[in-house]
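Here's a quick tour in questions and answers. Take a look at the structure first, then read on.

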Amino acid sequence: MRKYETRIALVILVLGLVGIITCGVMGIGRVQQEVAAAGVVELPRPEVARGVRGEMGIDAHINEETIDRYLGREDAVYLDMRMLVDVADYESIGGDSYLSGYVEGFEVVPYPMLVNVTGLPAAVGETYTGDTLFTYVPESDEYRANYAESMAILEYYFPKDEVIFLMCGGGGYAGMMKNMLVKLGWDELKIYNVGGYWYYDGEHNVEVKRELPGGEVTYDFWKVPYHEVRFEELHKL
């Protein structure tokens, strides 16, 4: 009787082990299938491009030509750094001072409202010079918060635990934004300067600029997920 009971116990043990192994294999296979179905592409290490684009900090691998492959990631945020209407003369360098369109999935947070802009090309003149969340001090190479909420707002739009894709018109504001974040403690290996919308020719273009009958041009800014800083609601330091 004892031998019979022992055999039954062994059979149950073996069946249990087989079930555990089978579930584990099925679980791994299911995860692999889900990852494949999601189309998640492995991210290359950030690497600055060569030449003039490199001077602006534009990435060599994830840029206007390749960004479509990296859209829709759950571990990332996508931010365009332009203003709806920039007072700087970007037409003088072949751009558009108006936000004429953006890449689907990107939300717009205007860089000139985050910090005073320095280092623009002489041809475009000055940009917005109103209130900013931070003030950059070139002499000490530091960013000083102007409001009690400044850092909290920055961390909200640019979460440190996610990958950050930055874009603007030509790549300049995006590069400046990456420099600022890194200086304030963000991980530079999780931030990509994608470059400029003016050079984007992908499949996820959301056009804002529109020509009316008769040739007049208008801008459908209602399409833009725009996050303007409301300084009147903040507490100045």
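Q: Is Phe106 buried or exposed?
A: A residue counts as buried under 20% relative accessible area, exposed over 50% and partly exposed in between (1.4 Å probe, protein chains only). Phe106 has a relative accessible area of 1%, so this residue is buried.

Q: What sort of model is this, and how are its residues numbered?
A: Residues are numbered from 1 along each chain as its sequence is written, and side-chain values use heavy atoms, leaving out hydrogens and water. Local features need pLDDT of at least 70, side-chain atom pairs count only at pLDDT 80 or more, and totals for chains, interfaces and linings use all residues, since this model is predicted.

Q: How are the rings of Tyr78 and Phe106 arranged?
A: Rings of Phe, Tyr and Trp (its six-membered ring) pair if their centres lie within 6.5 Å; planes under 30 degrees apart count as stacked, over 60 as edge-to-face and the rest as tilted. Here the centres are 5.4 Å apart and the planes sit at 70°, so the pair of Tyr78 and Phe106 is edge-to-face.

Q: How far apart in sequence are the parts that this pair ties together?
A: Helices (H or I, at least four residues) and strands (E, at least two) are DSSP runs, numbered from the N terminus. Tyr78 lies in strand S1, and Phe106 in the loop between strand S2 (101-103) and strand S3 (107-108), so the parts tied together are apart by 28 residues.

Q: Which kind of aromatic pair do Phe165 and Tyr192 form?
A: Both Phe165 and Tyr192 are buried. Their rings are 5.4 Å centre to centre with 25° between the planes, which makes the pair stacked.

Q: Which residues do ring pairs link into a cluster?
A: A search of the whole structure turns up 11 aromatic pairs. Ring pairs link four residues into a cluster: Tyr78, Phe106, Phe165 and Tyr192.

Q: Which residues touch the most other members of the largest nonpolar core?
A: A nonpolar core is a set of buried Ala, Val, Leu, Ile, Met, Phe, Trp, Tyr and Cys residues joined through side-chain atoms within 4.5 Å. The largest one has 36 residues, and those touching the most other members are Met81, Leu154, Phe158 and Met177.

Q: Which element gives this core its largest share?
A: Several elements each supply at least two residues, including strand S1 (76-80) and helix H5 (172-183). The largest share is six residues, and it comes from H5.
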